[in-house]
Amino acid sequence: MKRLLERGAAALLCILAPLAHAGDLFTAIEPEPKSEFWLDSGFLTGHFNRDKDLNGANRGLGAEYRFGGTASAAVGRFYNSDRAWSSYAGVIWQPLAVGPVRLGAALAAFNGYPHMRDGGWFPAAVPTATVEYQRFGVNVGFVPSYKDRLYGGISVQLKLRLW
């Protein structure tokens, strides 16, 4: 578990480290209060290990409540890469942007992966980018691999703002 957190944090740092020298390319997002409710789909995942016969059509349903300019609470359920049902709950923290793309990480707990804690809950940090236009949006997560317990990939999630 500690190693999973370290890898997620390392990936996030690799993404964010260039920001220190990027000048005007990156902007800080204001953390002012907000109140937006988003309905999220499951995920489409392109896995790094294509030889494992993993499920990339991770159907499901989720919700996000953006309570600040930089943070949202997220919950959901989806059919995971190992063909088992998973749930998640956490926070999406995105303090930076490149143009319309918000950058940060989803810091969440997941369950349902049979090779990870026998399907029990575990924490994860998933570097995440988001693009939104009016009522529509897309979350893109870089899911790190963890031994032979979790298989990494790029996951895409569609979302619709209800209010």
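**Entry 1: β1 against β5**

I looked up Ala28 and found that its bridge partner in β5 is Leu96. Strand β1 is joined to β5 by three bridges, and the two run antiparallel. I take two strands as paired if DSSP finds at least two bridges between them. Strands are DSSP runs of E with at least two residues, helices are runs of H or I with at least four residues, and both are numbered from the N terminus.

I note that this is a predicted model, in which local features need pLDDT of at least 70 and side-chain atom pairs count only at pLDDT 80 or more, while totals for chains, interfaces and linings use all residues. Residues are numbered from 1 along each chain as its sequence is written, and side-chain values use heavy atoms, with hydrogens and water left out.

**Entry 2: the chain as a whole**

I listed one helix and nine strands in the protein chain. Read along the sequence, the order is α-β-β-β-β-β-β-β-β-β. I then looked up burial: 45% of the 163 residues count as buried, where buried means under 20% relative accessible area, exposed over 50% and partly exposed in between, with a 1.4 Å probe and protein chains only. For contacts (heavy atoms within 4.5 Å), I took those with a separation of 6 or more; residues 24 or more positions apart account for 54% of them.

**Entry 3: β4, β5 and β6**

I followed β5 to its other partners. Strands β4 and β5 pair in the antiparallel sense over nine bridges, and β5 and β6 also pair in the antiparallel sense over nine bridges.

Leu25 is in the loop between α1 (2-16) and β1 (26-28). The C-alpha atoms of Leu25 and Gly99 are separated by 7.7 Å, although the two residues are 74 residues apart along the chain.

**Entry 4: Ser81**

Is Ser81 buried or exposed? Ser81 counts as buried because its relative accessibility is 8%. I placed Ser81 in the loop between β4 and β5. Its side chain makes a polar contact with the side chain of His47 at 2.6 Å. A polar contact is a pair of N or O atoms within 3.5 Å; within protein, one must be able to donate a hydrogen and the other to accept it, and residues adjacent in sequence count only if both atoms are side-chain atoms. Leaving aside neighbours within four places in sequence, Ser81 is in contact with His47, Leu54, Asn55, Asn58 and Tyr113.

**Entry 5: the core and its rings**

I looked up the largest nonpolar core, which has 15 residues. Such a core is a set of buried Ala, Val, Leu, Ile, Met, Phe, Trp, Tyr and Cys residues joined through side-chain atoms within 4.5 Å. Those with the most contacts inside the core are Phe78, Tyr88, Phe110, Tyr113, Met116, Phe122 and Leu150. The elements giving two or more residues to this core are β4 (71-79), β5 (85-98), β6 (101-110) and β7.

I counted nine aromatic pairs in the structure. Rings of Phe, Tyr and Trp (its six-membered ring) pair if their centres lie within 6.5 Å; planes under 30 degrees apart count as stacked, over 60 as edge-to-face and the rest as tilted. Tyr88 and Phe110 form a tilted pair, 6.0 Å centre to centre with 35° between the planes. The pair links Tyr88 in β5 with Phe110 in β6, 22 residues apart. Both residues are buried. Ring pairs link Phe43, Phe78, Tyr88, Phe110, Tyr113 and Phe122 into a cluster.

**Entry 6**

I ended with the later strands. Strands β7 (residues 122-133) and β8 (residues 136-143) pair in the antiparallel sense over six bridges, and Val131 has Val138 in β8 as its bridge partner. They form a hairpin with two residues between them, and Gln134 in the turn has a positive phi of about 55°. Eight bridges join β8 to the antiparallel strand β9 (residues 153-161), where the bridge partner of Phe136 is Leu160.
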